[in-house]
Structure formats: C-alpha cells, structure tokens
Amino acid sequence: MSYDVTAGGEWFNYTSNMHRFFKDFGAYPGDWEGRSRYEVADELDVAIEQIQSNDLDALKREYDAPNEWGEVGSATQFLRKVRDACRRELPETVEVSR
C-alpha cells in the first residue's frame, strides 16, 4: 500500500511502510486529506525541521523499512516535495488516497 497525494496540482506517491516515521514527526499523509495546502505546508515545515535536527544514522536505524521499501532519506524528500507543491500551486486542498 502507498499514499497517493495530490497537492498543488502535482501528484506524489510514497510507500506506507514509513507510516510510523510520518506519524512520529507529525507528517502523516492520511491526515492531509481535504486540508488547506497552507496548513499542510506549515506542518511539513515543522516536521522537516524536527527530522533535520536528529541524527540521520539514528533515524535510519529506527525507521528504515526492513524490506527496503521506504527509508528516511527518500521519505524526507517526499515531505519536501509535497510541502513545496503546496506552496506553489492551486488547488487549495490536498487529496490523499490509500
């Protein structure tokens, strides 16, 4: 299973194997459905800042998916891309399908 996210007229996809990582940093894609792109972007700013303030190796040990379908680096990049799309374009809300 994966998260299909449409934000700012752009489509993104990421594996749900990283759901615990997303939840622990307050950036769970399932919570974005129907929300304002501005709110989602602001929350992602906070999440990304928190992620970056941690030791990357420790995060990888804690959160990288054992089956190698999902890892901290690409999950963080997914969050950045969604945040940037939320800031660039319309529509006003974010859509997520799981």
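1. The side chain of T15 reaches the backbone nitrogen of N17 at 3.1 Å. This is a polar contact, meaning a pair of N or O atoms within 3.5 Å; within protein, one must be able to donate a hydrogen and the other to accept it, and residues adjacent in sequence count only if both atoms are side-chain atoms. T15 lies in strand 2. Helices (H or I, at least four residues) and strands (E, at least two) are DSSP runs, numbered from the N terminus. This is a predicted model: local features need pLDDT of at least 70, side-chain atom pairs count only at pLDDT 80 or more, and totals for chains, interfaces and linings use all residues. Residues are numbered from 1 along each chain as its sequence is written, and side-chain values use heavy atoms, with hydrogens and water left out.

2. Is T15 buried or exposed? T15 is buried, because its relative accessible area is 15%. The classes are buried under 20% relative accessible area, exposed over 50%, and partly exposed in between (1.4 Å probe, protein chains only). Leaving aside neighbours within four places in sequence, T15 is in contact with M1, S2, Y3, F22, W69 and G70. Contact means heavy atoms within 4.5 Å.

3. Strand 2 also holds N13. At 37% relative accessibility, N13 counts as partly exposed. Its side chain makes a polar contact of 2.9 Å with that of S2. A second polar contact, of 2.3 Å, links the side chains of N13 and D4. I would look at that pair in the model. D4 also stands opposite N13 in strand 2. Not counting residues up to four places away in sequence, N13 touches S2, Y3, D4 and F78.

4. Strands 1 and 2 pair in the antiparallel sense over six bridges. Two strands pair if DSSP finds at least two bridges between them. They form a hairpin with two residues between them, and G8 in the turn has a positive phi of about 60°. Strand 1 also runs antiparallel to strand 3 (residues 95–97), joined by three bridges. There, V5 stands opposite V96.

5. Side chains alternate along strand 1. Y3, V5 and A7 point to one face and are buried.

6. The largest nonpolar core has 29 residues. Such a core is a set of buried Ala, Val, Leu, Ile, Met, Phe, Trp, Tyr and Cys residues joined through side-chain atoms within 4.5 Å. Those with the most contacts inside it are V5, F21, F22, W32, F78, L79 and V82. Elements giving two or more residues include strand 1 (2–7), strand 2 (10–15) and helix 4 (72–88). Helix 4 gives the most, with seven residues.

7. Helix 4 has 17 residues and reaches 24 Å from its first C-alpha to its last. E71 caps the N-terminal end, with a side-chain oxygen 2.9 Å from the backbone nitrogen of G73. Beyond neighbours within four places in sequence, F78 is in contact with V5, F12, N13, Y14, F22, P29 and W32.

8. E68 lies in the loop between helix 3 and helix 4. Its phi is near 70°, a positive value in a residue other than glycine. Most residues other than glycine have a negative phi. At 73% relative accessibility, E68 counts as exposed.

Note on methods:
The expected span of a helix is 1.5 Å times one less than its number of residues.
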